[in-house]
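Please read the following briefing alongside the sequence and the coordinates. It is arranged by topic, beginning with a feature of the surface.

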Amino acid sequence: MNPIPMELDKLFSATNMSEKKDEGDQSTANAEAVTNKYLQEISRANLQALVNELCKLPTSVDEDHSGLVTRLPRKAKFPRAKPVPTEKPPTRWETFALQQGIRKKKRNVPSVAWDEQTQGWKRKQGYKKANDPMD
């Protein structure tokens with residue numbers, strides 16, 4: 001198989017090929033088998049090229065994981081549309097509550113009750129409430 005021109009990105013372990021497959025005159029029954037074989041060859045060639053490039057990078061022995069560790073060439077810097085958010089200062093209430101030792105309490109009051117007339121669960125108050133004498 002001829003060498004394929006490709007771009008290697010060692011940081012993300014990816015390859016990018018610039019070659020396009022010639023379609024040629026093939027029957028549809030044979031085309032799938034040829035395409036699968038072609039894709040397997042291309043995948044193998046790309047993986048081999050990527051592994052070869054990674055093997056050229058400096059390595060070191062890692063005692064914790066009992067194996068070789070390859071050092072990647074650079075760190076990825078992803079662009080951000082906006083700056084990293086900063087820590088917001090506490091509000092006056094949060095500061096006061098912290099000084100006084102006030103903690104938020106979650107209301108643990110159930111909002112439904114058993115209705116004896118309908119034999120089902122209904123709201124405790126408001127429209128269609130449980131045990132409503134107006135029903």
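Together, Trp-93, Phe-96 and Ile-102 present about 320 Å² of accessible area as a nonpolar patch on the surface; patches are made of residues with over 30% relative accessible area and no salt bridge, with nonpolar side chains (Val, Leu, Ile, Met, Phe, Trp, Tyr) joined within 5 Å and like charges within 9 Å. A salt bridge here is a side-chain nitrogen of Lys or Arg within 4 Å of a carboxyl oxygen of Asp or Glu, and accessible areas come from the Shrake-Rupley method with a 1.4 Å probe, where for residues only the protein chains shown count as cover. This is a predicted model, in which local features need pLDDT of at least 70 and side-chain atom pairs count only at pLDDT 80 or more, whereas totals for chains, interfaces and linings use all residues. Residues are numbered from 1 along each chain as its sequence is written, and side-chain values use heavy atoms, with hydrogens and water left out.

- Phe-96 is placed in helix H2, which covers residues 92-100; helices (H or I, at least four residues) and strands (E, at least two) are DSSP runs numbered from the N terminus.
- Trp-93 lies in helix H2 as well, three residues from Phe-96, which is about one turn of the helix.
- Trp-93 is exposed, at a relative accessible area of 52%, whereas Phe-96, at 39%, is partly exposed, given that buried means under 20% relative accessible area, exposed over 50% and partly exposed in between (1.4 Å probe, protein chains only).

**Aromatic pairs**

- The count comes to two aromatic pairs, where rings of Phe, Tyr and Trp (its six-membered ring) pair if their centres lie within 6.5 Å, and planes under 30 degrees apart count as stacked, over 60 as edge-to-face and the rest as tilted.
- Trp-93 and Phe-96 form a tilted pair, with 5.8 Å from centre to centre and 40° between the planes.
- Trp-114 and Trp-121 have ring centres 5.3 Å apart and planes at 80°, so this pair is edge-to-face.
- Trp-114 is partly exposed, with a relative accessible area of 33%, while Trp-121, at 61%, is exposed.

**The protein as a whole**

- The protein has two helices and six strands, which follow the pattern β-β-α-β-β-α-β-β when read along the sequence.
- Of its 135 residues, 10% count as buried, and the protein exposes about 12900 Å², of which carbon and sulfur atoms supply 54%.
- Among contacts (heavy atoms within 4.5 Å) with a separation of 6 or more, 29% are between residues 24 or more positions apart.
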